Amino acid sequence: AASASGDGANIEAKANSLSQAADAANAKLQADREQVQALRKKATGEMKDGTGKVKSAEDQLAAAKEAAARAEAMQKQAQEQAAKAQAMLAEARGKQEQAKALQTRGRQRIDTGKSLQSQADAIKGREEQEAEDAAAAIKREVAALESEAKYLADKARAARAAADAALESATAKLEAAEAKAKEAGEAEAKANHEFDEAAALKKDAHAAAEKAWASEAAADKAKSAAEAGQKKGEGDLATAQQDAAAAKLDQAEVKKEAEQVASLERRSGAWSAAHRVCLEVEGAGLRDAGNASDFAPLATDKDVSSADNCKAWCRQHESCAQAVFSSWDKHCALFAKATSEVKEWNPGFTSYLCGDEAQKGDIKEMFDTVKSQKPDIADPVQCSWSDEDCSSTKCCNEVSCSWDFKTCAGYSCYQNGDSAECMQTAAWNTGVIIGGARQTRKLQPAGSSTTRQGTSLFCFMVVNWKSKEEAIANNIKDKKLGIFECDGQSILTGWEVPKTPWATWMNAEAFVKLWQQLHDSGDYLRHDWTVKVDADTVFFPNMLR
């Protein structure tokens, strides 16, 4: 009985061990099942955009699913075996007399548990291999899809370039054909006209012949009169030649006198310039000092197309007190009076305060008053972008933000060897930080005498007249609203542009050309601000001012 009791205890311990091993196998199989399900979910997500191309991967996923089912079946079997082991333990406790039989059966169950563990290990290995194979297959399919997409994109670009070239060639041929057709039509019309003229001339010729026959006698009489007139004409010609010779002498005398006047005018201008001074205020556009004066020359040519010539012309005229030159339209405005009031500060302006040498003190005082009105604006800080070397600027433009934009941080300039790059300020980036993000600056309030920035608006919009924008633009134009309430305006003609595969307009190149067109016109330079307005924008210029 003691031996049976000891054997029973051993059986109980072994049965407990078997139960624990079965539980561990159950947990392991459950983890394997979850891993298989996670792999399947990941594979399904990666294959969402390539369903038609990854059929083989789906087959492998199906195989993995079958493997998971087999694992689940093995798990169920292990649970059943654990239940049997617990039943055996209860039987061992209740029936000591069957200890040896239970011991034998317990050993058998232990062997079975070991076999199940081996089978579970084998299943796990197969599942891991199958998952790796599936992932590798998916990567190959994705790489193939990317390669095919790149090939198709290159092919599409080439096709588009060929289509553009063909369209350009066809357009040129069409224009040439239209020109030839126009020339042919004009030639036909001309030929018809010449034919009509020829018929009319023929008719006139017949009439003229009949008239000539009737007038032959009158012609003889006219001949005599013509001979008499010829003699009189020869006398008149001689008189005209004498008059022409006298006129040439007069013309030479006038030219000589004009050269003398021009010489005197140049000498007078040089004498005036010698005792007069002009102080230059670069960047200042002075207000009009009354009405502008022409200071027209008597005999010399007036050239004020440059700032230096504008200054020199004012200095050479005693009554000129102010000159304002604008570089964008080469305009020189001259005034008999001067003012120290500045209309605008702009690099395109150069103003001059001129007067006699004796007035130099007063001119200098006006010059200082003008300079005191210039706004004190700090020079712009140059920073770098992420694709630029920031070694010299030591500051970065870009900012990275959280998904909800609640927290934002500027990039830092990381030094690595001889170069530096703007990158996110993060622990994983290497290098020495030699600069940070662009810093905001606060301008000091303008003084009481400082010139205020003007609010003149030049507004423009780009309209594709073959789209729905046509009706909107015409309505704005007819009612004089929107950009037509600005101080200056312009409408540029746009055109249809293609879309990208992700449905955005490829209009960057078009707008570069349109901005260049606006720049070449120079109209915006006469105003303080340039505003681009979409046709479908409800725009109130007064609110912007």
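Me: What makes the listed residues neighbours of glutamine 322?

Reply: Contact means heavy atoms within 4.5 Å. By that rule glutamine 322 touches Leu286, Arg287, Ala289, Cys314, Ala333, Leu334, Phe335, Lys337, Ala338, Thr339, Tyr352 and Leu353, with residues up to four places away in sequence not counted. Take lysine 337: it is 15 residues from glutamine 322 in sequence, and 6.4 Å away C-alpha to C-alpha. This is a predicted model, where local features need pLDDT of at least 70, side-chain atom pairs count only at pLDDT 80 or more, and totals for chains, interfaces and linings use all residues. Numbering runs from 1 along each chain as its sequence is written, and side-chain values use heavy atoms, without hydrogens and water.

Me: Why is glutamine 322 called buried?

Reply: Buried means under 20% relative accessible area, exposed over 50%, and partly exposed in between (1.4 Å probe, protein chains only). Glutamine 322 has 0%, so it is buried. It sits in strand E3 (residues 322-326). Strands are DSSP runs of E, at least two residues; helices are runs of H or I, at least four; both are numbered from the N terminus.

Me: And why is phenylalanine 540 called partly exposed?

Reply: Its relative accessibility is 48%, so phenylalanine 540 counts as partly exposed. It lies in the loop between E14 and helix H9 (541-544).

Me: What makes Val538, Phe540 and Met543 a nonpolar surface patch?

Reply: Patch residues have over 30% relative accessible area and no salt bridge, and nonpolar side chains (Val, Leu, Ile, Met, Phe, Trp, Tyr) are joined within 5 Å. A salt bridge is a side-chain nitrogen of Lys or Arg within 4 Å of a carboxyl oxygen of Asp or Glu. Val538, Phe540 and Met543 make a patch of about 390 Å². Areas come from the Shrake-Rupley method with a 1.4 Å probe; for residues, only the protein chains shown count as cover.

Me: How do you know that E12 and E14 pair?

Reply: Two strands pair if DSSP finds at least two bridges between them. Four bridges join strand E12 (residues 457-463) to E14, so the two pair. They run parallel. Leucine 457 has tryptophan 529 in E14 as its bridge partner.

Me: What makes E13 and E14 edge strands?

Reply: The open sheet has the order E13-E12-E14, with parallel pairing. Strand E13 (488-493) and strand E14 (529-532) each pair on one side only.

Technical notes:
Patch = residues over 30% accessible without salt bridge, like charges linked within 9 Å, V, L, I, M, F, W, Y side chains within 5 Å.
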